[in-house]
Structure formats: structure tokens, C-alpha cells
Amino acid sequence: MQLRACSIMAPILIAAVTMPGIAQWVNYVPATVPRTSDGKPNLIAPVPRTAAGKPDLTGVWRTIGSKYTLNVAASLKPDEIQPWAAEASRRSLANFNFNKDAPRALCLPHGPKAIFGNLFKIVQSPSVLVFLHESPDNFRQVLTDGRKLPEDPNPSWLGYSVGHWEGDTLVVESAGFNDKTTLDAFGHPHTEGLRITERFRRPDFGHLEIQITFDDPKAYNRPWTITATAQLRPDTELLEFICNENEQDSGHLVGQTAEEANVKVPASVFAKYAGRYEISPGREIVVSVEDDQLMVDYLQGRMGNIPLFPRSETKFLVALAALGPPALFEFFTDSSGNVKHLLWRTREGDEVKATRIR
Amino acid sequence: MHSRITIPILASLVAVAVVTTPLSAHHSFAAEFDALKRVNFTGVVTKVDWGNPHVWFFVDVKDEVTGTVTNWGAELGGPNILIRNGWSRHTLKIGMVVSFAGSLAKDGTHRVNASRIVVDGKRLDAASSEGAGR
């Protein structure tokens, strides 16, 4: 019954990952896309423009990870988050990995964080931009026909959006959200009073720069702005995603077990693990402690610091449901009590050793 | 314990992780599976449920000690993410021998979240427990 892990080679993995799907639209190469001499899409080609001379934002996009992807409040000071909202995030982080009632587990939408991580398509016309989100399958309309936001609208998952152009920047204002979702994977809550202003700029063919301002005075003491970059995915296409067609999990969601809830590791132990661990020259895993919470950056800063949750004094999980199967980090100590290395078990089940260098 | 992988392999793994990290887990992995309770199986495919939000396949696994055969369900990512990783609905077929690792279901049923899947000597990215979109 043992899987012979030693037979697994990287080239096989890569081959599997890059194997073309025969006649699949997900690998279709459109003739209309500007290309470099090696056939790849030329992402720095000039921006396409509409007949009216405005940048055309049409295309399939995906945001690139940043420190805000999982934590939109990463730049806020603790006293700028109202106590109830900070507590909701803390509780959500402590339970997120075990939350069986999250909207997503019930096949409900992401809400305002829909733009992060998953493919979306913008279809632009003079009077409306339509955002199509693949997973979950949601649409959002940004009306650009001059109308104002509705007053006291029926709250909705993705809100109501109107847009106007300021030069080459599309400014989108949104309101009318329900309060059933969070702003991010860290569980920062929002109220029905949330207003979002997005400024979209397409500086070249392949990139969309997005400034997002959150304003929710019943949860946060000041509006704040984050930036995100989306990259064009010109050689793929959205696919259908009907969440309930083969849903086989909901009857089996147990949540946090007593054994898991009873794992208590003193913060002094966390301090012992904080440091830099080298996988190979230039490739590091950074472990730190923030507010008595053990954090890890194992993606070279691309997703910021991610909370680790103890399963024992030496084993910790990346417990953000948004990241899928949890990566496991196990710390190893020598006979004098010094932490010498860690093992990272990736979400694909492979083990990677990183030696402590600081 | 799995064997250690070497650094050249790691680079590709990290690259894949970065490129494909979605933010769309359908359900919380840990609400259903225990990442510390790992099993390794080789078995014969008896059924494939190819659909959203997760593909499930079922295998008959024989216990080499007792000879008992148990049917296990194994969860993958959604069809869209699998298709983008080179899978199709024809990749797994009834009667095929599949090896994989997995994390056991917490409710004691014969279910795992699968990873390290090897089919016909090839390893496939399982996209386990992830949402379909990316």
C-alpha cells in the first residue's frame, strides 16, 4: 500500500502541469494577441483602445499575489481597526481552517474579495463593463452610462457599481454589499455600509493596475487604499463552474475537534522558531512572531506573512482555507535545544528541508 | 515518512505553488480532513465523479496483511483547475491502478483528500481541495 515517493521526478510533474489539453479553449492561442519572437504573449505591447480612445480593459485577468491578497488590512495600524472588527478577524483566523459555515462551503459567493486570486474576465462596452468571475460563477456590472449608485439598494454579494473615466483611469464606485462575507482570507469583516472605490489603469497590453479604497466607518476608523496588479491571461478562457453539481463535502464537515482545540503552545516556544531557514541559496522560509502569533513567509514575500496554527509543540499548519490543503511546518531541535531546521510539507504532499541560517 | 525531495525538484514545486495558488477553496480542508493523519494507497479505480466543486474518485484498496478490500473515496480539486493542469475527464478510468497519498477524513468515513497522485507512472497535480477557478 506504500506509495513509492522516490520514483517521482520533477520533469514528470512539470510535464503533467504543462501538458496541453487537446482542443481545449483553456490552451487556445488567439491570433489577435501581440506576441514576442518566441511566441509568448507580448505583455508590454501597447494598450488596446476603444473607438472612443479609451483603454479597453477587455480580457481574462488574474491578480498577482501581494501582501494584501490574503490580508487587505496589512497596512492598517491596530487602532485603526475597530475592536469588534479586530476581534472578528482574530476569531476568524483562529477558526478559519475549521469553519464549516463559511459562505464558500455553502457554495455562496466570495463577495468583494472575488477579484483576488481567481480568473475573471472583463467585457467592456461604452455603457457597461461586465466582470465575469469563474469560481464561484458570479457577474458584476459596472454601469458607465452616467447613472448614480442606487439609494438604499437591496444588499447583494458583489454590490452595485458605477464607473466613469478620468483620463485613462476607470474609476468605479461600489456600495450596497451585504455583510455576509469578509474582505479577505484573514477574515476582516465589513458592514452593509461598506463603500469601495477602485481605480483601474491598463498601462500596457498585459497588466491591469488596480487601486482599491475601502471605506467602512462602522468597522474601520479611516478609509484606506491598497494596490493590486492583475496580469492578462490571453491564452486561456473561462470555464463553467456550477458549485452544487457534485458537492460531496457538506455532510462530512466536522469542524474543529476537541483534540485540535486543546493544542496550546506557549508564545515563548514561538520565539524559539522565529528565524530564517534556507532551502537553497537565495530561497528562504522566514518565520516570525506577530502579536503572539507564529507567522511564515514561504513564498518569497509574494503573499506576505501567513499565520501558522499549532497542531503540537513542533508541528504547525498554514490554516487559511483559501490556500487549500494546508502546508505543514515541522521544527527540529538539536540535543542542546537549538532549532536547526524545519521540514515543509507542501500542499501537494512533498517534503522540503530548510536549514536555519539565522 | 516520504522520502526527501532534492533541491532541483523543489524549484519546480515552488514555482508551481506560486503560479497556481488560488484563493478559492470550496470548503475548509481542516473542517473535513486531518492533515496530520496521512495514508498512502494504491488501488483500483471503481468510480469517478467528475464535477464541481471537487472531483472525487473511488478506489478498491487491498490490505496486504489481512486481504480485506476497502473502497475509499478520494477528493481532488475542481474540474477547471484539473483541466488547466493537464487532466481531462478521461484521465482516471475505472479499472486503472492509481497510487496516491491522502489526509484522512475526520468523521471516520473512508474518505481522503488526495495528493501525490501517480497514474501510469506519471505524477499529476491533484489540486486537492481547491476551488475550480484559476
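How many residues does helix H2 of chain A have, and how far does the helix reach from its first C-alpha to its last? H2 covers residues 83–95 of chain A and has 13 residues. The helix reaches 18 Å from first C-alpha to last. That is close to the 18 Å expected at 1.5 Å a residue. Keep in mind that this is a predicted model.

Now, which residues of H2(A) are buried? They are A:Ala85, A:Ala86, A:Ala88, A:Ser89, A:Ser92 and A:Leu93. Look down the helix axis and these buried residues fall within an arc of 160 degrees, so they line one face of H2(A). Turn to the face of H2(A) away from the buried side. There you find the exposed residues A:Pro83 and A:Arg90. And what covers the buried side? Strand E13 of chain A, residues 306–310, is included in the cover over the buried residues of H2(A).

Next, empty space. Rolling a probe the size of a water molecule over the atoms shows where such space is left. The structure holds 5 cavities of 30 Å³ or more.

On to chain B. Its secondary structure comes to 3 helices and 6 strands. Along the sequence the pattern reads α-α-β-β-β-α-β-β-β. Chain B has 134 residues, and 66% of them are buried. What about contacts along the chain? Take those in chain B between residues at least 6 apart in sequence: 63% of them join residues at least 24 apart.

Where is B:Asp120 found? This aspartate sits in the loop between strand E5, residues 111–119, and strand E6, residues 122–124, of chain B. Is B:Asp120 buried or exposed? Its relative accessible area is 64%, so B:Asp120 is exposed. Now look across to B:Met96. B:Asp120 and B:Met96 are 24 residues apart along the chain, and their C-alpha atoms are separated by 8.5 Å.

Definitions and conventions
Residues are numbered from 1 along each chain as its sequence is written. Chains are lettered from A and ligands numbered from 1 in the order in which they are written. This is a predicted model: local features need pLDDT of at least 70, side-chain atom pairs count only at pLDDT 80 or more; totals for chains, interfaces and linings use all residues. Side-chain values use heavy atoms; hydrogens and water are left out. Helices (H or I, at least four residues) and strands (E, at least two) are DSSP runs, numbered from the N terminus. The expected span of a helix is 1.5 Å times one less than its number of residues. Buried means under 20% relative accessible area, exposed over 50%, partly exposed in between (1.4 Å probe, protein chains only). The arc is that of the directions from the helix axis to the C-beta atoms. Contact means heavy atoms within 4.5 Å. On a 1 Å grid over the protein atoms alone, a cavity is a set of points where a 1.4 Å probe fits but cannot get out, and a pocket is an open set with protein on both sides within 12 Å along at least five of seven lines; lining residues have an atom within 4 Å of a point. Grid points are joined across faces, edges and corners, and a volume is the space filled by probe spheres set on the points.
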